[in-house]
Amino acid sequence: MMQEARGKGQETEAGKRGGGEAANQRITNHELRVTDCKSPIAKLSIIICAYNERRTILDAIAQASAVALPAGWDKEVIAVDNCSTDGTREMLQAVDMPGVRVVLHPRNMGKSASILTGFREAGGDYGLIFDADLEYEAADIPRMAAAVTPGETVAVFGSRTLGGRKIYLYAQNYWGVRFLTAVANLLFGGHLTDIATGPKLVRVDVVRSLKLSSHEFDLDFELPCKLLKNGYTIDEIAINYHPRSVAQGKGLAGWKAVRTGLRVLWIYLKVLMGG
Ligand SMILES: Nc1nc2c(ncn2[C@@H]2O[C@H](COP(=O)(O)OP(=O)(O)OP(=O)(O)O)[C@@H](O)[C@H]2O)c(=O)[nH]1
Ligand SMILES: [Mg+2]
């Protein structure tokens, strides 16, 4: 088992690549320097994709809605239900909060399709993918926005491994992501530390300009590959991560994780060949 996720082994110098001696402290908001942000006004669309997440969906929306972004930033929350069958859909139908929009897919169309829907609906300059299962922290959203220089920054990814951290529950997941990240860097000339991370903040117009797949989870990997292939820079900051266990519903484990890894290599090949 890997190092326990909550509260250990995380880099303190957030926003800096390869911070080296990661102190045993979790990343906290006091390091934000939110007020230092020189950004002019920009809007962030927080995209929450949900499929059978009734335990966490309302918390995820409430937390995303409550985040205080750096000065000059506006925000909206877009929740996309991918035809959940566990009550998530009904919970979302009842959501009536200012700044929150709900989109309901007529059938399960794959996680990638939910993300594409979010970016299509986005009224912001930047879109940020925030998972509904709360494996990631809403508190990291302002930190990601603070890393943006509007007009210059194209993408900021939240990394779970920046600074040498190993905040995974399962060694297989950790090494699998390390391997897939290294291969993508090699093929597409990137310097990523965590290609599979959930929180990806990307300029909306750039996402819309890329031909992205709506199949299964392909977009998670296709997006960074296509950004790099098109010459865009992806910045990273260290973020917190609380992986759920298999007992808590984690899907990516065991043979499924191996099959997923093989599929990701196939996605890389397709992007390389121009697909
Ligand atoms: N699995 C799955 N997730 C979806 C789908 N549509 C939207 N999602 C959401 O996409 C987000 C990420 O999916 P997860 O299944 O947690 O992906 P993951 O974190 O890589 O895998 P886990 O290890 O299972 O947590 C969650 O908020 C899901 O609810 C879908 O069709 N399938
Ligand atoms: Mg998850």
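Two residues are taken to be in contact if their C-beta atoms, placed from the backbone, lie within 7 Å. The structure is a predicted model, in which local features need pLDDT of at least 70 and side-chain atom pairs count only at pLDDT 80 or more, while totals for chains, interfaces and linings use all residues. Residues are numbered from 1 along each chain as its sequence is written, and chains are lettered from A and ligands numbered from 1 in the order in which they are written.

The protein chain contains 8 helices and 7 strands, where helices (H or I, at least four residues) and strands (E, at least two) are DSSP runs numbered from the N terminus. Of its 275 residues, 47% count as buried; a residue is buried if 20 or more other C-beta atoms lie within 10 Å of its own, exposed if 12 or fewer, and partly exposed in between, with C-beta atoms placed from the backbone. Among contacts in the protein chain with a separation of 6 or more, 77% join residues 24 or more positions apart.

Ile46 belongs to strand E1 (residues 42–50) and counts as buried because it has 31 C-beta neighbours inside 10 Å. Apart from neighbours within four places in sequence, Ile46 is in contact with Ala64, Lys75, Val77, Leu128, Phe130 and Ile141. Its C-alpha atom is separated by 9.3 Å from that of Ile61, a residue 15 positions away along the chain. Gly118, in helix H3 (residues 111–121), likewise counts as buried, since 26 C-beta neighbours are found inside 10 Å. When neighbours within four places in sequence are left aside, the contacts of Gly118 are Ile47, Cys49, Ile78, Val80 and Gly127.

Helix H5 (171–188) has 18 residues, which at 1.5 Å a residue should span 26 Å, in agreement with the 26 Å between its end C-alpha atoms; the expected span is 1.5 Å times one less than the number of residues. Asn173, Val177, Leu180, Thr181 and Ala184 are the buried residues of H5. Viewed down the axis of H5, these residues fall within an arc of 105°, so they line one face of the helix; the arc is that of the directions from the helix axis to the C-beta atoms. Ala171 and Leu186 are exposed on the other side of H5. The cover over the buried residues of H5 includes H7 and H8. After H5 comes Gly189, with a positive phi near 70°.

The buried residues in H8 are Thr260, Gly261, Val264, Ile267, Tyr268 and Val271. These fall within an arc of 115° when seen down the axis of H8, and therefore line one face of the helix. On the other side of H8, the exposed residues are Trp255, Val258, Arg259, Leu262, Trp266 and Leu269. Packing of the buried residues of H8 is against H5 and helix H7 (218–229). H8 is followed by Gly274, whose phi is positive, near 95°.

H7 and H8 pack with their axes 10 Å apart and at an angle of about 35°. Here axes are lines fitted to C-alpha atoms, for helices over the stretch in contact, and angles run from 0 to 180 degrees between N-to-C directions. The contact involves Asp218, Phe221, Glu222, Cys225, Lys226 and Lys229 of H7, together with Val264, Ile267, Tyr268 and Val271 of H8. By class, this contact has 6 nonpolar, no polar and 4 charged residues, where Ala, Val, Leu, Ile, Met, Phe, Trp, Tyr, Cys and Pro count as nonpolar, Asp, Glu, Lys and Arg as charged, and the others, Gly among them, as polar.

Most residues other than glycine have a negative phi. Cys83, in the loop between strand E2 (73–81) and helix H2 (88–93), has a positive phi of about 65° although it is not a glycine. Glu216, in the loop between helix H6 (204–209) and H7, has a positive phi near 35°. Cys83 counts as partly exposed because it has 15 C-beta neighbours inside 10 Å, and Glu216 counts as partly exposed with 15 such neighbours.
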